[in-house]
Amino acid sequence: MKLSWELLLEAYRLGYFPMGESRNRPDIVWIKPDMRGVFPLDGFHVPRSLAKTVRQEPFRITLDQRFAEVMRACSGGGPERPDTWINDEIIAAYTDLHERGFAHSVEAWDGEELVGGLYGVSIGSAFFGESMFSRRTDASKVALCHLVGRMKMAGYRLLDTQFQNAHLKRFGCVEVTASRYALMLSEALNHHASLEAFGGQIAGSSILQSITQTS
């Protein structure tokens, strides 16, 4: 079955997401973890050193300016990322989803060079984080902070990370059971939120203030 934007939306609404077998193979597998990684938006933790970096604003942060380029950077193929699960079919389907307003990228720039970023899918008030990349120290981490700050400004309720790992755990990522995730997902899908109004330049201090505010 061809991976289409319609199929992607339906899968995310049911708690599934696709992964390629490898960067250079067309095979797609559908994943629905027994334990799901999520960021509680009111419990996102910014380490002190990273908070200092966010305030200093070493990178220009944009939204949806280079979606396909961010995906290609996340897919690897270079010395720093020789292989990932993001194959050509996934890139094409998510780019199609982006063009319909359901997938977004956050970019970190050093001058005119794209040096970090992330992308994911937005449905209702849920954001499903997919992947990130970094070519400068802390570039992807700053992009993540800007995503969370903007999500809270926009009224999102769920930030799905798919899996928990040691890196994400440092920022407050927790694991929830599949049944708990289903309840969180249902609630988030029943409310609307949009990042579109928060795509302009926002000061790092404002991002940190948004992150630390509780709902």
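Predicted model: local features only at pLDDT ≥ 70, side-chain atom pairs only at ≥ 80, totals over all residues.

Residues are numbered from 1 along each chain as its sequence is written, and side-chain values use heavy atoms, with hydrogens and water left out.

Start with the largest nonpolar core. A nonpolar core is a set of buried Ala, Val, Leu, Ile, Met, Phe, Trp, Tyr and Cys residues joined through side-chain atoms within 4.5 Å. Buried means under 20% relative accessible area, with a 1.4 Å probe and protein chains only. The largest core holds 35 residues. Phe39, Phe44, Val46, Leu147, Met151, Tyr156 and Leu159 have the most contacts inside it. Helices and strands here are DSSP runs, numbered from the N terminus (helices H or I, at least four residues; strands E, at least two). At least two core residues come from each of helix H2 (48-56), strand S4 (60-63), strand S5 (103-110), S6, H5 and helix H8 (204-212). H5 gives the most, nine residues. A second, separate core has 33 residues, among them Met19, Val38, Ala93 and Leu185.

Now pick out methionine 151. Contact means heavy atoms within 4.5 Å. Leaving aside residues up to four places away in sequence, methionine 151 touches Leu41, Phe127, Tyr156, Leu158, Leu159 and Leu195.

Move to helix H3, residues 67-75. Its buried residues are Phe67, Val70, Met71, Ala73, Cys74 and Ser75. An α-helix has 3.6 residues a turn, so residues three or four places apart point the same way. The cover over the buried residues of H3 includes helix H4 (88-99), S5, S6 and S7. Glycine 76 follows H3, and its phi is positive, near 85 degrees.

Strand S6 contains leucine 114. Leucine 114 counts as buried because its relative accessibility is 4%. Beyond four places in sequence, leucine 114 touches Arg66, Glu69, Val70, Glu107, Ala108, Trp109, Phe133 and Arg135. Its C-alpha atom is separated by 35 Å from that of asparagine 190, 76 residues apart along the chain.

What of the cysteines? A disulfide is a pair of cysteine sulfur atoms within 2.5 Å. By this rule the count is zero. The sulfur of cysteine 74 is too far for a bond, because the closest cysteine sulfur, in cysteine 145, is 16 Å away. Cysteine 145 is in no disulfide either, with the sulfur of cysteine 173 nearest at 14 Å. Cysteine 74 counts as buried, at 0% relative accessibility. Cysteine 145 is also buried, at 0%.

Finish with the pockets. On a 1 Å grid over the protein atoms alone, a pocket is an open set of points where a 1.4 Å probe fits, with protein on both sides within 12 Å along at least five of seven lines; lining residues have an atom within 4 Å of a point. The largest pocket has about 400 Å³ of space. It is lined by 22 residues, and Gly129, Glu130, Ser131, Thr161 and Leu168 are the closest to its centre. Strand S6 (113-123), strand S7 (126-134), helix H5 (139-154), strand S8 (158-162) and helix H6 (166-169) each give two or more lining residues.

The second largest pocket has about 260 Å³ of space. Of its 16 lining residues, Leu41, Asp42, Tyr156, Arg157 and Ser215 lie nearest its centre. Strand S3 (35-39) and H5 each supply at least two.

Technical notes. Points joined across faces, edges and corners; volume = space filled by probe spheres on them. Buried < 20%, exposed > 50% of the residue type's maximum accessible area, 1.4 Å probe, protein only.
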